[in-house]
There are 2 protein chains.
Amino acid sequence: MPVNAVGREIPSLVGGRNLVPFKGAFEMHQRGWKVPLPLKPTNYSTDKLVGSLEEAFDMTGITHGQCLSFHHHLRNGDRVLNMVMELAQKRGLKGLKLAQSALFPVHEPVVKMIENGTIASIEGSINGPVGRAVSEGKMQDLAVLRSHGSRVRAIHIGALKIDTAFIASPIADCYGNAHGREGPSACGPLGYSLADARYARNAVVVTDNLAPYPVVPPTISQVYTDWVVKVDSIGDPDQISSGTTKITDDPIRLDIAKNTIKLVDACGIVENGMSFQAGAGGISLAALNYLAETMRKKKVKARFAHGGITIHIVKMLREGLVEQILDTQSFDAESVESLRTDPRHIEIEPDFYANPFNKGQLVNMIDFSVMSATEVDIDFNVNVNTHSDGYLLHGIGGHQDVAAGSKCCIITCPTHRKNWPIVMDRVTTVTTPGETIDAVITEEGIAINPNRDDMYEAAKSAGLKVVDIQDLSKIAKEKAEKAGGPPPPEPNFGDRIVALIAYRDGTVIDVVREVKK
Amino acid sequence: MPVNAVGREIPSLVGGRNLVPFKGAFEMHQRGWKVPLPLKPTNYSTDKLVGSLEEAFDMTGITHGQCLSFHHHLRNGDRVLNMVMELAQKRGLKGLKLAQSALFPVHEPVVKMIENGTIASIEGSINGPVGRAVSEGKMQDLAVLRSHGSRVRAIHIGALKIDTAFIASPIADCYGNAHGREGPSACGPLGYSLADARYARNAVVVTDNLAPYPVVPPTISQVYTDWVVKVDSIGDPDQISSGTTKITDDPIRLDIAKNTIKLVDACGIVENGMSFQAGAGGISLAALNYLAETMRKKKVKARFAHGGITIHIVKMLREGLVEQILDTQSFDAESVESLRTDPRHIEIEPDFYANPFNKGQLVNMIDFSVMSATEVDIDFNVNVNTHSDGYLLHGIGGHQDVAAGSKCCIITCPTHRKNWPIVMDRVTTVTTPGETIDAVITEEGIAINPNRDDMYEAAKSAGLKVVDIQDLSKIAKEKAEKAGGPPPPEPNFGDRIVALIAYRDGTVIDVVREVKK
């Protein structure tokens, strides 16, 4: 079986798909033409309201085997995906492809639809119970996981063909203009559905908040919307802004956060005009606090911050530490409010932020990023998809995109969680190739990628504890054993491939195999 | 020769083009797919700056016979079109197609390039001296005139294929994000170049105001831009906001404006939630004043106004008479400032506003519009392209789009200008078909389209002077003769067709023939 550039065996054909093995983070340069957009005038009508989702199904002609897409801006509060898919199930549709930008625990009903054949395959990020079902081999066809940028790329080049996009919209008008900044289910940006709206054969806006025409500026524009459906509720506000945004108070993790900013500063990055991305994990958020402190001390202003936005970045904007926020998703109510009211807080779409096959991506302009890992190995490869027991439990998010783009990409993690090492010799699944990771910061020291001599020297000069990644792996193993007993058994993988981990350029960086109980 | 739905003879083949005769304003419903967008990753580079326009020519490989496009947001202050085309001429390029969204008198150097073969054809609006040159038969191939919406449509379906778009940008960053709201050459929106940026094989941002990354929110996005060129000056600020925005003080025209609003009110349109479009002509602007007066009296608020925006509409926004301004082009400095600072003043692009072949157009949602005419005939057909002497001297603008879309489209004009009748039996050139015009308001009374019995009744009930359009034509002839002597001779047309007047759906509504001296 051919081995790809991160040493994983990638079969050339799986489930009728020809796979191109990952060749390196910057090796693919596809040129030519995107797939065309549908040309479908509305014949001068001025009202696209249909009475129900049923009617929208009839108008768009949804039938067996088609691909339906959804965005994840409503996160664990989303009601639209379940509503639509339950209708599909009720209508007896089979073999559908689900192309959400991400799933959350709230989407557990999807498991049943996988089991009864309503859903045959999934292309999108999978969190939680659906991932487990896929790992258990319950789904007929493959799951394909892609990064934020890669999903847009796949839609643009026709690797992901969407029949009907359902777009949960916190506010919309009868002509199909919609955005996420207002309404009982306000979620901030709505950009994860923009490629869907443009390229899908049909785009259906689903809203619980119909407002007078025109709803502007729209994220989803009337020029792409076919139909508008009013429903009682598209989401549960309490779950839309759910609690992923707590700063860690664990002293070990706080120490990691502090050293992260020390490293960044040692590398000469904390200067006027800098830019950064920080995720919503506990360590990343703590790092933001230390960053703010350092910036105040040095009287430095950042040109922009990108994210996944939380109140912590909003506060930096308000304090003047950050000039502009570029927002692809808002993680809390304060961020939604800031996006709605502060002209320096700007919504951007994933094409702009991360698509490697357009003419320019924001990630390429980011000076440093701080991200987490489920596992990281001695080649600096990162796994964020599977747990060490082999189960597929998380999506890629923007991990690959930000790592490849940002000039300095730092992974922060403790060496272990209980008896599970995090730093290890070989990750269970490769999500992000080591060549795009610059440093791994743990409580036992900082490992610097050998291709970053400059960072090594900077860290040393700043008196930071630099360790070899191999040593870190050994320490992790020992500490995990000491803390939680002997290491858990290796995952019991079967032969069957249940999911592909696509790299952002469309090649396959790893496969996920069935887990036998 | 086949005759189209407004009675004009349209040959089936001209200059190698197959022409489809106009069939009626709402008869074409083309479905299928648009042409694909270029897939052209920038290979992870982060700087698209090239040293000069020469270098941009080299990078984009501009050669003989190619199509170069430009926007007209800098109006008569634009320096970029001349700069680029003079370079093309200097490099000895021949047979180019010029695809500007509009030309102005400042672009007179184009005449020489037509004469020496640098430019072989033009697809875009033509104002002034270039139109005269085309009418005199100086251009090798055809000119094709399209409306705002039709230009976008033509680009989307591949009827207008652009090799390289040059986008004059009042502010831009090194990665190709640009907009028109700031800088010494600020012009407001930049949307007329958006279809070009998306669909052209190459997009070159030309700016005199390079700002730190990122310039957001961009009208022209990095995802479409190939190259960025810094030049000394893209425009003359005094000419960018030139004086098209003076309210008439002629009592006859003021009377027409007053009756326009009386008619609109009589039709029940001046109600809460209404919407309107008013052009920048003297009568239209005066009508705005009367409209504001009526709205104040009735305590009515408009949901939105669209235009061509002037200070007069901005004042209505500030007063609270208008809730939102949707702006495709700003005609004065105050409008640019309002767009930059007032979140209720929103930039939209011509695809959103007027493209008949997308899924929804703003024009369809406009309650009433007030526009002018060079000539209007007894079938309510309007000419805004040629003067009565046959010379091609104006573009279509949004005339066809707004007439077709808005629920009530009113043409305001005096019956004559000196000895030239405006209302006449048969317009020299049909720009906008009579079936989309609802009323013609002159100082001699109001002619109502026979397909609008409702408006006829409303006008009568309101005591307005309603006249037959045939009678209006007779009166116009008499008054013109009385005022300026016998009517000027008929235009001395040759056989050769020099320009096509496309309807918004791509059919041909009229042709323009060479004028013999």
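**Chain A as a whole**

The model is predicted. Chain A holds 15 helices and 29 strands. Its radius of gyration is 22 Å, close to the 24 Å that the globule rule gives for 517 residues, so chain A is as compact as a globular protein of that length. The C-alpha trace of chain A spans about 70 × 55 × 45 Å along its principal axes.

Burial is counted over the 517 residues of chain A, and 66% of them are buried. The accessible surface of chain A is about 17400 Å². Carbon and sulfur atoms own 49% of that area.

What share of the contacts in chain A between residues at least 6 apart in sequence joins residues at least 24 apart? The share is 72%.

Charge comes next. Chain A carries 55 positive and 61 negative side chains. The centres of these two sets lie 1 Å apart.

**Strand S13 of chain B**

Strand S13 of chain B runs over residues 202-207. Of its 6 residues, 6 are buried, so S13(B) is largely enclosed by the rest of the structure. Which residues sit on each side of S13(B)? One side has B:Asn202, B:Val204 and B:Val206. The other has B:Ala203, B:Val205 and B:Thr207. Both faces are covered.

S13(B) pairs with S10(B) and with S14(B). The table sets out the two pairings.

| Partner of S13(B) | Residues | Bridges | Direction |
|---|---|---|---|
| S10(B) | 164-169 | 6 bridges | parallel |
| S14(B) | 227-230 | 4 bridges | parallel |

B:Ile167 has B:Val205 of S13(B) as its bridge partner. B:Thr207 is bridged to B:Lys230 in S14(B). B:Val205 and B:Thr207 belong to one face of S13(B), and both are buried.

**B:Ser125 in its loop**

B:Ser125 belongs to the loop between strand S8 (119-123) and helix H4 (129-135) of chain B. Is B:Ser125 buried or exposed? The relative accessible area of B:Ser125 is 5%, and buried means under 20%, so this residue counts as buried.

What is B:Ser125 in contact with, leaving aside its neighbours within four places in sequence? The contacts include B:Gln100, B:Ser101, B:Ala102 and B:Leu103. B:Arg146 is another contact of B:Ser125. B:Gly395, B:Ile396 and B:Gly397 also touch B:Ser125.

Methods. Residues are numbered from 1 along each chain as its sequence is written. Chains are lettered from A and ligands numbered from 1 in the order in which they are written. This is a predicted model: local features need pLDDT of at least 70, side-chain atom pairs count only at pLDDT 80 or more; totals for chains, interfaces and linings use all residues. Side-chain values use heavy atoms; hydrogens and water are left out. Helices (H or I, at least four residues) and strands (E, at least two) are DSSP runs, numbered from the N terminus. The radius of gyration is taken over C-alpha atoms; the globule rule is 2.2 Å times the number of residues to the power 0.38. Buried means under 20% relative accessible area, exposed over 50%, partly exposed in between (1.4 Å probe, protein chains only). Contact means heavy atoms within 4.5 Å. Accessible areas come from the Shrake-Rupley method with a 1.4 Å probe; for residues, only the protein chains shown count as cover. Lys and Arg count as positive and Asp and Glu as negative; His and the chain ends are not counted. The place of a charge is taken as NZ of Lys, CZ of Arg, CG of Asp or CD of Glu. Two strands pair if DSSP finds at least two bridges between them.
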